Number of protein chains: 2
Amino acid sequence: MITKTIPDIVVGRLPRYLQALKHMLQEGIKTTSSQELGEAIGISAAQIRKDLSQFGEFGKQGTGYSVAYLVEQLHTILKLNKVWDLALVGMGDLGNALARYQGFAEHGFRIVAAFDNDPAKIGKEVAGLIIQDSHNLKPVISQMGIKIAMITVPAAAAQSVAEELVDAGIRAILNYAPITLTLPAGVYVENIDPIIKLQHMTYYLE
Amino acid sequence: MITKTIPDIVVGRLPRYLQALKHMLQEGIKTTSSQELGEAIGISAAQIRKDLSQFGEFGKQGTGYSVAYLVEQLHTILKLNKVWDLALVGMGDLGNALARYQGFAEHGFRIVAAFDNDPAKIGKEVAGLIIQDSHNLKPVISQMGIKIAMITVPAAAAQSVAEELVDAGIRAILNYAPITLTLPAGVYVENIDPIIKLQHMTYYLE
DNA sequence: TTGTTATTGTAAAATTAAGTCACAATCATT
DNA sequence: AATGATTGTGACTTAATTTTACAATAACAA
């Protein structure tokens with residue numbers, strides 16, 4: 001097998017394919033085509049076929065793709081055939097909302113540790129989680145072997161929290177703080193910032 | 001003046017420049033260079049210069065950029081020299097967290113209407129907003145002239161809510177529901193879905 | 001004034017990604 | 001056995017992005 005690096009932009013589209021395919025599953029659709037899938041998510045049929053072909057042959061000529069099988073294959077590609085433990089740092093309104101969000105569990109992500117540095121919050125329970133003191137962040141995360149963390153602390157604290165997380169063994173960070181984190185290569189960071197998205201859209205409005 | 005279409009990906013980087021520049025302002029930094037700005041956000045100096053040059057000449061050779069002036073110029077480019085009104089649909093945990101988030105106001109976005117279809121929530125107050133019945137969505141939004149909406153309803157309801165919003169005059173949607181919306185051309189949609197981001201990152205983990 | 005250093009704006013080149021098209025191969029159905 | 005649908009793929013084109021390089025220029029020091 002030839003190992004070639006697959007462009008990150010291609011990898012980034014796979015979760016969207018998966019999302020649409022899972023909706024099809026829920027609606028009882030057993031089979032689909034690159035055409036149909038493309039229409040559902042606004043991507044050309046050719047591009048979907050090309051993206052998928054980077055990973056293998058998942059369809060059948062004349063028939064298309066078995067939705068269940070393609071979901072299974074995408075799970076394997078994206079390493080979703082296991083439950084991923086998550087750490088959550090920052091239990092403000094957003095942190096609380098994420099702790100209660102059912103979507104994580106439904107997709108194989110489980111928040112197993114929550115932290116805050118506010119004594120008024122430490123010890124309280126949210127969605128079955130006891131909020132822990134941020135001072136214990138490193139021992140808890142390294143002992144539990146958690147690899148992914150979500151940061152929902154204020155911007156001013158985000159960089160140092162991120163460094164602690166990396167120090168504790170975290171390899172991927174979903175950053176909700178409105179700041180660009182500077183971290184060692186090999187740590188994957190994805191940012192979620194509504195302000196950035198809104199400012200992008202206003203360019204196109206009057 | 002020659003009007004040329006600027007690639008969307010360039011526009012999408014401007015808010016990140018703005019974010020970093022505002023942090024510099026807060027720290028009292030008066031002048032910066034494409035080099036320094038690039039290091040702060042992980043983008044090459046050349047790309048920043050090229051991106052900015054699409055819109056005009058904002059720097060001085062030998063000196064760099066006045067942070068305040070560049071912030072001002074980016075505000076003008078992104079149409080941020082006004083307060084933008086936002087509608088928020090779906091007052092679950094996430095909707096509530098967004099309603100309370102101070103960041104919107106700090107960046108010139110003001111949530112002026114909140115909706116839900118749950119009778120138990122309608123009429124309640126959150127962060128100074130009275131939650132309104134989703135049935136009134138269209139008249140309220142069109143009368144107030146709101147152009148941007150955020151959707152935080154369950155996936156099953158998101159498409160029809162989005163259609164109602166467009167019908168009411170909404171031109172841009174920040175979609176938190178885990179589904180790809182199908183809407184007329186000319187409506188700008190940005191998606192925020194943590195699951196998609198997490199699934200993208202797990203590809204790179206073991 | 002002159003030289004030195006820093007930095008922009010931009011052109012050219014290189015690279016990367018996306019889109020298009022075509023079509024043999026194959027599968028299901030009639 | 002014929003028909004129609006659809007994949008996987010290769011070739012090609014087009015478009016977009018990134019990198020490189022450097023002349024022009026500003027600030028500053030001697």
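**Entry 1**

I began at A:Lys79, which I found in the loop between α4 and β3 (84–89) of chain A; helices (H or I, at least four residues) and strands (E, at least two) are DSSP runs, numbered from the N terminus. This is a predicted model, in which local features need pLDDT of at least 70 and side-chain atom pairs count only at pLDDT 80 or more, while totals for chains, interfaces and linings use all residues. Residues are numbered from 1 along each chain as its sequence is written, and chains are lettered from A and ligands numbered from 1 in the order in which they are written.

Most residues other than glycine have a negative phi. I also noted that A:Lys79 counts as partly exposed, because it has 16 C-beta neighbours inside 10 Å; with C-beta atoms placed from the backbone, 20 or more others within 10 Å make a residue buried, 12 or fewer exposed, and a count in between partly exposed.

B:Ala127 counts as partly exposed, with 15 C-beta neighbours inside 10 Å.

**Entry 1: chain A as a whole**

I counted nine helices and nine strands in the secondary structure of chain A, whose C-alpha trace spans about 60 × 45 × 35 Å along its principal axes. Of the 206 residues in chain A, 37% are buried. Among the contacts in chain A with a separation of 6 or more, 54% join residues 24 or more positions apart, a contact being two C-beta atoms, placed from the backbone, within 7 Å.

**Entry 2: helix pairs**

I then took helix α1 (residues 8–26) and helix α4 (residues 67–77) of chain A, which pack at an angle of about 145° with their axes 10 Å apart; axes are lines fitted to C-alpha atoms, for helices over the stretch in contact, and angles run from 0 to 180 degrees between N-to-C directions. Here α1(A) brings A:Leu14, A:Tyr17, A:Leu18, A:Leu21, A:Lys22, A:Met24 and A:Leu25 against A:Val67, A:Ala68, A:Leu70, A:Val71, A:Leu74 and A:Ile77 of α4(A). By class, I found 12 nonpolar, no polar and one charged residues in the contact of α1(A) with α4(A); Ala, Val, Leu, Ile, Met, Phe, Trp, Tyr, Cys and Pro count as nonpolar, Asp, Glu, Lys and Arg as charged, and the others, Gly among them, as polar.

In chain B, the axes of helix α2 (residues 34–41) and helix α3 (residues 45–53) come within 8 Å and cross at roughly 110°. The contact is formed by B:Ser34, B:Gln35, B:Leu37 and B:Gly38 of α2(B) together with B:Ala45, B:Ile48 and B:Arg49 of α3(B), and by class I noted three nonpolar, three polar and one charged residues.

I found B:Leu74 in helix α4 (residues 67–77) of chain B, where it is buried, with 21 other C-beta atoms within 10 Å. Leaving out residues up to four places away in sequence, B:Leu74 touches B:Leu14, B:Tyr17 and B:Leu18. B:Leu74 and B:Leu21 are 53 residues apart in sequence and 9.9 Å apart in space, C-alpha to C-alpha.

B:His107 sits in the loop between α6 (103–106) and β5 of chain B, and it counts as buried, with 20 C-beta neighbours inside 10 Å. From B:His107 to B:Arg16 I noted 91 residues in sequence and 13 Å in space, C-alpha to C-alpha.

**Entry 3: where chains A and B touch**

I asked how many residues each chain gives to the contact, and it takes 47 residues from chain A and 47 residues from chain B. On the side of chain A that touches chain B, α1, α2 (34–41), α5 (93–100), β8 (172–175), β9 (188–191) and α9 (194–202) each supply at least two residues, and the largest share, nine residues, comes from α9(A). By class, this side of chain A has 28 nonpolar, 11 polar and eight charged residues.

I noted that α9(A) is largely enclosed by the rest of the structure, because seven of its nine residues are buried. The buried residues of α9(A) pack against α1 (8–26), β4 (84–89), β5 (109–116), β8 (148–151), β9 (172–175) and β10 (188–191) of chain B.
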